[in-house]
Amino acid sequence: MAEPVPAAVPNATDSNGTEVLNATAKFVATPEGTALAYGSLVVMALLPIFFGALRSVTCSKSKNSADAPETITSRDAARFPIIASCTLFGLYLFFKVFSQEYINLLLSVYFFVLGVLALSHTMSPAMARIFPESFPNKQYQLLFTQGSGESKEEIVNYEFDTKNLVCLVLSSVVGVWYLLKKHWIANNVFGLAFALNGVELLHLNNVSTGCILLGGLFIYDVFWVFGTNVMVTVAKSFEAPIKLVFPQDLLEKGLEASNFAMLGLGDIVIPGIFIALLLRFDVSLKKNSRTYFYSSFLAYIFGLGLTIFVMHTFKHAQPALLYLVPACVGFPVVVALCKGELTEMFNYESSEEVLPASPRITSFPTVSGSPASLAASMETMATGSSPRHRRVLPTSMYEESSEEAEPKEESSEPEKKKDQ
């Protein structure tokens, strides 16, 4: 799990009404309320994975660097758990040393800005279909450069239109609602937007890299949940839309309910980008089937359901990646063994695939993933190469061979003259 948030929690509530780890339960949820809460969390977790994976296939080539997918290499995957651990422990120290009130105020403003941008990007494809063709849609560009002349370098290059501005205004309304009320519905809207952006825009370059990432975060999740109280403290103190929540007392108190079950966004985004990779592998096979995508998607449902079952059986918080990683990796591997495609699956390179054009009209600036877990890591990732360009070695080789053939024809002309 990439966020400093527990995967699943027992029936206990912090000062903000959110369930936390290892706390004494003050509210006993009814069976109906519990089933509704965790059923809703499962459905909300599946939505960004499913639609984010579909949108990852149709990521178009864009001039905007913020709209291009970020490719995670094996080196990035190996460093990810270390960076996530440092981030988590850093937050723990901050909450121990500084006032929780001021830290959460800064975090609220930070996530307000990122949430508005993420939600705007999420809404753009749907809004583009809603607006009629007669809608006056003007194009805009925001460009920042550094240097002059031949040394001029683009820092920011955003292209957007009037429809994007409408999406931005609507997203700002939700942002203000969250900033002022911290309502759980507004939290979930931002959380779903972060998760969908993460699954769509974070691309693993191959299956081996995915196994390294999931394996490292498997150990990370187990250690910080079972080994220390660091994650407990941060989860109780952190007020940000980095988790999906649903009230267990919704049937009794309605929208004003305050006893929440929750699921960290890391338990959605991390398995989600692996499932999206398998969907792109399915597309590369050109067999008009989605076997690996559906098998890993069903594996995620199984793993998440098992997490909830074990948690309620033992009445203790469980790191969801403890169950999600073996399921999401194991199911597709078994399918590949049965179909005799295991070598082909591990040899697949997502970075060499030419992705089809995207139906999106917009290229508005985006947020690549859940900021609380991915921002620190993304700053260190290499972004110089696009994951969507295919090498054209065969063409260049053909041109070189044709050039080599021409001198041979010229050299034969003197020989003909000597014969004459």
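**Figure 1. Overall composition of the chain.** The predicted chain has 420 residues, of which 51% count as buried. Its secondary structure comprises 14 helices and 6 strands. Among contacts with a separation of 6 or more, 80% are made by residues 24 or more positions apart. The chain exposes about 20300 Å², and carbon and sulfur atoms supply 62% of that area.

Figure 2. Thr162 belongs to helix H4, which spans residues 162-181. Is this residue buried or exposed? Thr162 has a relative accessible area of 17% and is therefore buried, the cut-off for this class being under 20%. The side chain of Thr162 reaches the backbone nitrogen of Lys138 at 2.9 Å. Lys138 is also among the contacts of Thr162 when neighbours within four places in sequence are left aside.

**Figure 3. Packing of helix H2 against helix H6.** Two packed helices are described by the angle between their axes and by the distance between the axes. Helix H2 covers residues 74-97 and helix H6 covers residues 207-227. Their axes come within 7 Å and cross at roughly 20 degrees. H2 is therefore roughly parallel to H6, since angles under 35 degrees count as roughly parallel. The crossing of H2 past H6 is right-handed. On the H2 side, the residues that meet H6 are Ser74, Ala77, Ala78, Phe80, Pro81, Ala84, Ser85, Leu88 and Phe89. On the H6 side, the residues that meet H2 are Thr209, Ile212, Leu213, Gly216, Leu217, Tyr220 and Trp224.

Figure 4. With a relative accessibility of 75%, Lys286 counts as exposed, because the exposed class begins over 50%. Asn288 is exposed too, with a relative accessible area of 75%.

Definitions and conventions. Residues are numbered from 1 along each chain as its sequence is written. This is a predicted model: local features need pLDDT of at least 70, side-chain atom pairs count only at pLDDT 80 or more; totals for chains, interfaces and linings use all residues. Side-chain values use heavy atoms; hydrogens and water are left out. Helices (H or I, at least four residues) and strands (E, at least two) are DSSP runs, numbered from the N terminus. Buried means under 20% relative accessible area, exposed over 50%, partly exposed in between (1.4 Å probe, protein chains only). Contact means heavy atoms within 4.5 Å. Accessible areas come from the Shrake-Rupley method with a 1.4 Å probe; for residues, only the protein chains shown count as cover. A polar contact is a pair of N or O atoms within 3.5 Å; within protein, one must be able to donate a hydrogen and the other to accept it, and residues adjacent in sequence count only if both atoms are side-chain atoms. Axes are lines fitted to C-alpha atoms, for helices over the stretch in contact, and angles run from 0 to 180 degrees between N-to-C directions. Angles under 35 degrees count as roughly parallel, over 145 as roughly antiparallel, 65 to 115 as roughly perpendicular and the rest as oblique. A crossing is left-handed if the near helix is turned anticlockwise from the far one by less than a right angle, and right-handed if clockwise.
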